[in-house]
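Reader: I am new to this structure. Please show me how to read its main features, one at a time.

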Amino acid sequence: MHRFLVKLSSSTQFRSSKDHHLILPLLPSSKPFTSFSSASTPSPANRSGYPYSVELFRKLSPLSSNSRTLGLNGRISRCISSEAGRESIEYDVLIVGAGPAGLSAAIRLKQLSQEKNIDLSVCVVEKGAEVGGHIISGNVFEPVALDELLPHWRQEQTPIEIPASSDKFWFLTKDRAISLPSPFDNKGNYVISLSQLVRWLGGKAEELGTEIYPGFSASEVLYDASDKVVGIATKDMGISKDGSKKENFQSGVDIKGRVTLFAEGCRGSLSERIIKKYKLREEVNAQHQTYALGIKEVWEIDESKHNPGEVVHTLGWPLDPKTYGGSFLYHMDDRQVAIGLVVALNYHNPFLNPYEEFQKLKHHPAIKRILEGGTVLQYGARTLNEGGFQSIPYPVFPGGAIIGCSAGFLNVPKIKGTHTAMKSGMLAAEAAFGVLHEGINMNTYWDNLRDSWVWKELYAARNYRPAFKYGLLPGLALSAMEHYVLKGKVPFTLKHGKADHEATNLARKCTPIEYAKPDGVLSFDVPTSLYRSNTNHDHDQLSHLRLRDSKIPEKVNLPEYAAPESRYCPARVYEYVEDEEGKPKLQINAQNCLHCKACDIKDPKQNIEWTVPEGGGGPAYSLM
């Protein structure tokens with residue numbers, strides 16, 4: 001069992017060309033991490049901040065073939081060894097993913113167990129090396145769900161300190177920023193770091209008795225004989241690129257739950273398998289999901305330019321009129337600003353490079369004057385759901401439910417999804433508790449979701465995103481009519497266009513885009529940015545980025561689409577190099593992966609499958 005609590009660390013190699021490597025050590029945060037709960041201050045051996053003892057588990061004798069009980073942090077879980085030699089652990093509720101939805105579910109479950117005086121074991125498994133390490137968002141936070149979950153949070157030391165003070169909305173041309181009436185109303189909201197908020201939520205969940213295990217990737221769904229989900233298997237660790245077991249090999253663990261909740265975030269790998277296996281979209285005639293790629297930096301700027309709480313959103317340049325997207329600039333605490341560009345992944349031109357579009361954005365006069373003289377502290381990227389109401393699948397399956405962004409509860413016109421993700425986790429937790437202790441059906445999650453403010457909010461916003469399939473100006477006109485006049489009460493629901501991967505045009509039909517070289521002051525090359533993401537993978541492991549057909553990159557993607565994977569990836573994971581015969585061959589630098597999932601979504605032939613790497617790999621965000 002000690003394997004469950006030992007965090008493996010390894011160096012990462014960033015491969016930017018065939019023969020050049022750059023070592024990427026973990027960067028220290030710009031300021032030391034402070035635990036916001038009563039949990040002990042994290043040490044290098046315990047970066048998550050949870051007061052469990054690794055030594056306790058090292059002293060445990062190996063499990064016999066018989067069942068036994070094991071106390072964790074004063075709680076009881078049943079542990080058994082499986083017939084295949086893998087350890088197996090059983091809980092009442094298993095939650096996959098320690099993000100806003102998963103931790104809100106855990107907190108609500110523990111609150112209910114205390115209210116009813118019932119012993120309920122809850123486990124959260126997180127692939128990041130620490131809770132919050134893989135979390136990235138804008139983020140202007142709407143506290144409505146947190147008010148319901150932890151009503152007294154304002155009286156505690158929380159990482160929610162800067163209230164939104166103003167809303168600005170600009171339409172950008174190449175040289176101008178034209179002010180428009182702001183459709184946003186952020187009064188009562190806060191400018192935050194979501195990764196820091198998630199760390200705080202993790203501390204609250206642990207205080208209530210939740211067992212949280214960061215650094216372990218859920219790689220497989222476990223089913224019983226009746227095809228009911230009974231848990232997950234974590235990924236084996238210590239397998240080299242050639243498939244052989246290294247000296248540090250450790251087999252994964254089967255973690256089982258009477259109820260399993262998947263909270264993996266946007267395009268969760270196991271959640272997608274569940275949706276397809278049980279045909280959850282077909283169950284409610286949901287449309288396909290649509291996505292966008294968000295690229296973000298956190299800067300420290302001159303104090304004279306810093307306006308804590310100022311919120312700026314833009315449309316227009318540098319994106320072309322047929323590409324949906326926009327930028328944000330949020331003034332945080334401590335002279336920090338978060339700047340990002342969101343690009344819808346149904347863009348047509350395969351020569352478009354979202355990373356380079358973001359670099360271009362920072363040279364706009366209105367943006368440049370804020371960033372000049374500043375310093376980049378952190379970089380990251382992540383996809384987000386934009387399908388909204390039309391794309392929500394039936395979230396309940398035999399044995400559990402899908403919650404948060406894995407199901408897709410982002411409110412696109414608000415550009416907010418944290419509050420809806422949290423509420424979905426809370427509702428699923430209440431249903432799961434009812435299943436275990438009140439004899440009700442898990443379907444009550446779906447019923448209560450449709451009766452909640454989440455459903456009303458997403459229904460009212462349902463036509464905003466699909467309106468832009470007609471172009472920027474028609475989209476603005478339709479969405480303005482919807483927002484200001486009809487207020488979401490039109491008697492019809494617009495449909496989304498093609499799936500994102502189908503929207504990519506052939507290269508011969510498109511014009512190549514030339515991007516300026518980075519100046520090293522406002523714009524940067526990918527290796528420099530990747531260094532700032534603290535991305536860390538053991539380079540000697542099986543690639544978690546799999547090609548369904550190894551011949552498609554060279555026979556289809558390169559000649560027909562001009563190698564789009566070399567552009568839509570914001571971490572230079574995919575690049576074409578010459579083989580021994582001088583022919584181009586796709587090289588996958590999996591160690592660079594930011595876990596953004598863009599490749600899994602945008603590949604024209606859906607030939608790339610994103611699976612989890614060894615636990616603990618990936619970015620290590622602290623400010624995002």
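Reader: How many bridges join strand S19 to strand S20, and do they run parallel or antiparallel?

Author: Strands of a sheet pair through backbone hydrogen bonds, either parallel or antiparallel. Here 4 bridges join strand S19 (residues 310-316) to strand S20 (residues 325-331), and the two run antiparallel. Two strands count as a pair if DSSP finds at least two bridges between them. Within this pair, valine 312 stands opposite leucine 329 in S20.

Reader: What should I know about the model and its numbering?

Author: This is a predicted model: local features need pLDDT of at least 70, side-chain atom pairs count only at pLDDT 80 or more, and totals for chains, interfaces and linings use all residues. Residues are numbered from 1 along each chain as its sequence is written, and side-chain values use heavy atoms, with hydrogens and water left out.

Reader: How many helices and strands does the protein chain have?

Author: The protein chain has 17 helices and 28 strands. Helices (H or I, at least four residues) and strands (E, at least two) are DSSP runs, numbered from the N terminus. Of the 624 residues, 60% count as buried. Buried means under 20% relative accessible area, exposed over 50%, partly exposed in between (1.4 Å probe, protein chains only).

Reader: In what order do the strands lie in the open sheet of 7 strands?

Author: The order is S10-S9-S19-S20-S21-S18-S22, with mixed pairing. Strand S10 (177-179) and strand S22 (375-385) are the edge strands; each pairs on one side only. Neighbouring strands of this sheet are turned by 20° against each other on average, direction ignored. Axes are lines fitted to C-alpha atoms, for helices over the stretch in contact, and angles run from 0 to 180 degrees between N-to-C directions.

Reader: Which helix packs on this sheet?

Author: Helix H7 (residues 354-361) does, touching strand S9 (166-172), strand S18 (291-300), S20, strand S21 (336-344) and S22. Contact means heavy atoms within 4.5 Å. The direction of H7 makes about 135° with that of S21.

Reader: How do helices H2 and H4 pack?

Author: Two packed helices are described by the angle between their axes and the distance between the axes. Helix H2 (residues 100-115) and helix H4 (residues 194-207) pack at an angle of about 20°, with their axes 9 Å apart. H2 and H4 are therefore roughly parallel to each other. Angles under 35 degrees count as roughly parallel.

Reader: Which residues meet between H2 and H4?

Author: From H2 come Pro100, Leu103, Ala106 and Ile107; from H4, Leu194, Val198, Leu201, Gly202, Lys204 and Ala205. The residues of this contact divide into 8 nonpolar, 1 polar and 1 charged. Ala, Val, Leu, Ile, Met, Phe, Trp, Tyr, Cys and Pro count as nonpolar, Asp, Glu, Lys and Arg as charged, and the others, Gly among them, as polar.

Reader: How many residues of strand S17 are buried?

Author: In S17 (residues 254-262), 7 of its 9 residues are buried, and the strand is mostly covered. Strand S5 (residues 87-96) pairs with S17 in the parallel sense over 8 bridges. There, serine 88 stands opposite aspartate 254 in S17. Strand S14 (residues 229-234) pairs with S17 in the antiparallel sense over 3 bridges, and glycine 231 stands opposite lysine 256. Another 3 bridges join S17 to strand S24 (residues 400-402), which run parallel.

Terms used:
Angles under 35 degrees count as roughly parallel, over 145 as roughly antiparallel, 65 to 115 as roughly perpendicular and the rest as oblique.
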